[in-house]
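Open the model in your viewer and keep the selection panel at hand.

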Amino acid sequence: MTRSSGKRGPTPLGALLEGSGRLRAKADRMDRGRWRSLVGDRIGERTRPGSLRDGCLTIYVASAVWAQELSLLSTTILERLVHDGFAVKELRFRVGDIGEAPEKRPVVEKAPMPKAELPKALTERLAHIQDPALRAAIAEAASYSLGRTERASAERGTPRAPRSAARETAPQGPSPVPRSGGPKGSAGKRSR
């Protein structure tokens, strides 16, 4: 085959593919990896770039909610695309197949709630409840509640002074008298 420069010899594969309409690289498509690097993992997982025609890039999204959210970010996305060399003037979001499903994030299991031993007085009062299921439910809820407050007080460190103690150290003065709706000294009568 002859090169376009007129020299004889092997033709590069890229030149052969460019000559074929069906086999040439799609200039109107964006690589998914490149798309993900431009928009970030969160958006890249839930979108797929489609075709780029006449400056309009079609982006397939997982749901209508994502289409709405991304339409609010379209200026930022356009700036990133143009900065990276794409001739994009507008974005069109369509709900459709995005290819691979979004990755499921692992469920983080919470540490079990600590239980506390019930005080003797509470145990005695619970014994008077006739319904065994209700008695057990109340005992369990009280045990969790007491365990939670024990853990919170241990994490807090030094306790704060009660509010009543703070009042005693404040300067004493006459307590404010609530104002009525009328002017002072009118005793509620309307002036003419």
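Predicted model: local features only at pLDDT ≥ 70, side-chain atom pairs only at ≥ 80, totals over all residues.

At what angle do α2 and α5 pack, and how far apart are their axes? The angle is about 125°, and the axes are 10 Å apart. Axes are lines fitted to C-alpha atoms over the stretch in contact, with angles running from 0 to 180 degrees between N-to-C directions.

Residues are numbered from 1 along each chain as its sequence is written, and side-chain values use heavy atoms, without hydrogens and water.

Next, select α2, residues 32–39 (helices are DSSP runs of H or I, at least four residues; strands are E, at least two; both are numbered from the N terminus). Trp35, Leu38 and Val39 are buried here (under 20% relative accessible area, 1.4 Å probe, protein chains only). The buried residues fall within an arc of 80° seen down the axis, so they line one face of α2; the arc uses directions from the axis to the C-beta atoms. Their cover includes α3, β1, β2 and α5.

Step past the helix end to glycine 40, where phi is positive, about 95°.

Finally, pick threonine 47 in strand β1. Its relative accessible area is 0%. Its side chain makes a polar contact with the tryptophan 35 side chain at 2.9 Å (an N or O pair within 3.5 Å, one able to donate a hydrogen and the other to accept it; residues adjacent in sequence count only through side-chain atoms on both sides). A polar atom of the threonine 47 side chain also lies 2.7 Å from the backbone oxygen of isoleucine 43.

Conventions. Buried < 20%, exposed > 50% of the residue type's maximum accessible area, 1.4 Å probe, protein only. Contact = heavy atoms within 4.5 Å.
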